[in-house]
Amino acid sequence: MPQLIANGVRIDDTFAEAFGMRATAIVITAESARWARQAADTMTGFATSVIGCGSEAAIDRELAGNETPDGRPGVRVLLFAVSTAELQKQLQTRVAQCVLTSPGSACYAGLAGEEKLKLGDALRYFGDGWQISKRLGDKRYWRVPVMDGEFVCEATTGFTKNAVGGGNLILMGKESRRTLAAAEAAVKAIRAVPDAIAPFPGGIARSGSKVGSKYKKAPASTNEAYCPTLKGAVESALDPDVAAVLEIVIDGLVPAAVAAAMRAAMAAVVSLGPAQGVVRIGAGNYGGKLGPHHFHLKDLLP
């Protein structure tokens, strides 16, 4: 495969292939930043891939009191799914089980838009008739009695049909420790980009996958071409000096957010150079058959 060189790191002349998704955002607040993040961490658990989790979700950014509707510390969470119906289901279930239950929490719309998903309008029934509706300006809220006071939840939140899932970078290094350091640097850079998330554990996936499997019931399986231990047994995509591979998967509310996140991640990895990070950066695609969004690495080089 043709390659470019940036600070000694080999960059494959290839593209990451991404696909359309539905997405929404909510703002979670609490009495402390710790408890706002706890509710968000719980809500975004088991949300790495739509293949097996139904949704992909993560914290977009932390918010100071002057950035939230109620003046308390908070976080903004992004949630992605393959359909509007699934997005509504995942939003309702996750907020009900993980935010409503979290001490001192409140929940507000995190995305504007004419198209809406039910938020408090779906959760109010937990109040068993004791819930109260309140309108402030053009926004409606529900106050649901709970054992530590009230759960305040905005009635709806906006969603978008223009979101993108599946942006990715494949980081290839000589050994595990430096490869992980490069991946961590990439994730840190992505977290500074608004409207984009890396939903896998700590933003990193060691189990890069391909579509399909030799087993009929498995929709995805290990990407053997990038498994170092299979170099001698399969048609490997790895160079002789590569012994560890990690993947970063990126979702964004718009294509530009995915491109910006990939660009920031690549800059962070390239700045480390091969001595402290990885020797090669690639990306996963299926020749353009999976999705219409193609992010060419050469166009995203810092």
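## Before you start

Because the model is predicted, local features need pLDDT of at least 70 and side-chain atom pairs count only at pLDDT 80 or more, while totals for chains, interfaces and linings use all residues. Residues are numbered from 1 along each chain as its sequence is written, and side-chain values use heavy atoms, with hydrogens and water left out.

Domain 1 gives 16 residues to the contact and domain 2 gives 15 residues, where contact means heavy atoms within 4.5 Å.

## Where the domains meet

The size of an interface is often given as the accessible area lost when the parts come together. Here, domain 1 and domain 2 bury about 1100 Å² between them, with 66% of it on carbon and sulfur atoms. Buried area is the accessible area (1.4 Å probe) that two parts lose on being put together, summed over both. On the side of domain 1, Ile197, Pro199 and Leu253 supply 49% of the area buried against domain 2, more than any other three residues.

The interface of domain 1 and domain 2 also holds 1 salt bridge, and 2 residue pairs are in polar contact across it, both at pLDDT 80 or more. A salt bridge is a side-chain nitrogen of Lys or Arg within 4 Å of a carboxyl oxygen of Asp or Glu. A polar contact is a pair of N or O atoms within 3.5 Å; within protein, one must be able to donate a hydrogen and the other to accept it, and residues adjacent in sequence count only if both atoms are side-chain atoms. Strand S12 (196-197) and strand S15 (244-252) are the elements that give two or more residues to the side of domain 1 that touches domain 2. Helices (H or I, at least four residues) and strands (E, at least two) are DSSP runs, numbered from the N terminus. The residues on that side of domain 1 divide into 12 nonpolar, 1 polar and 3 charged; Ala, Val, Leu, Ile, Met, Phe, Trp, Tyr, Cys and Pro count as nonpolar, Asp, Glu, Lys and Arg as charged, and the others, Gly among them, as polar.

## Salt bridges to look for

A search of the whole structure finds 15 salt bridges. In one of them, the side chains of Arg76 and Asp195 meet at 2.7 Å, N to O. This pair links distant parts of the chain, 119 residues apart: Arg76 is in strand S5 (residues 74-81), and Asp195 is in the loop between helix H4 (176-191) and S12. Arg76 is buried at 11% relative accessible area, whereas Asp195 is partly exposed at 26%. Buried means under 20% relative accessible area, exposed over 50%, and partly exposed in between (1.4 Å probe, protein chains only).

Elsewhere, Arg178 and Glu175 form a salt bridge of 2.8 Å, N to O.

## Two buried residues

Thr29 belongs to strand S3 (residues 15-29) and is buried, with a relative accessible area of 0%. The Thr29 side chain makes polar contacts with the side chains of Asp70, at 2.7 Å, and Arg72, at 3.1 Å. Asp70 and Arg72 are themselves joined by a salt bridge, with their closest N and O atoms 3.2 Å apart.

Leu171 sits in strand S11 (residues 156-173) and is buried at 1% relative accessibility. Val278 is 107 residues away along the chain, yet the C-alpha atoms of Leu171 and Val278 are separated by 6.5 Å. Leaving aside neighbours within four places in sequence, Leu171 is in contact with residues including Ala183, Leu246, Val269 and Ile281.

## Two loop residues with positive phi

Phe46 is not a glycine, but has a positive phi of about 50°. Phe46 lies in the loop between helix H1 (33-43) and strand S4 (56-63) and is exposed, at 61% relative accessible area.

Asp128, also not a glycine, has a positive phi of about 55°. Asp128 is in the loop between helix H3 (120-123) and strand S8 (132-136), and counts as exposed at 64% relative accessibility.
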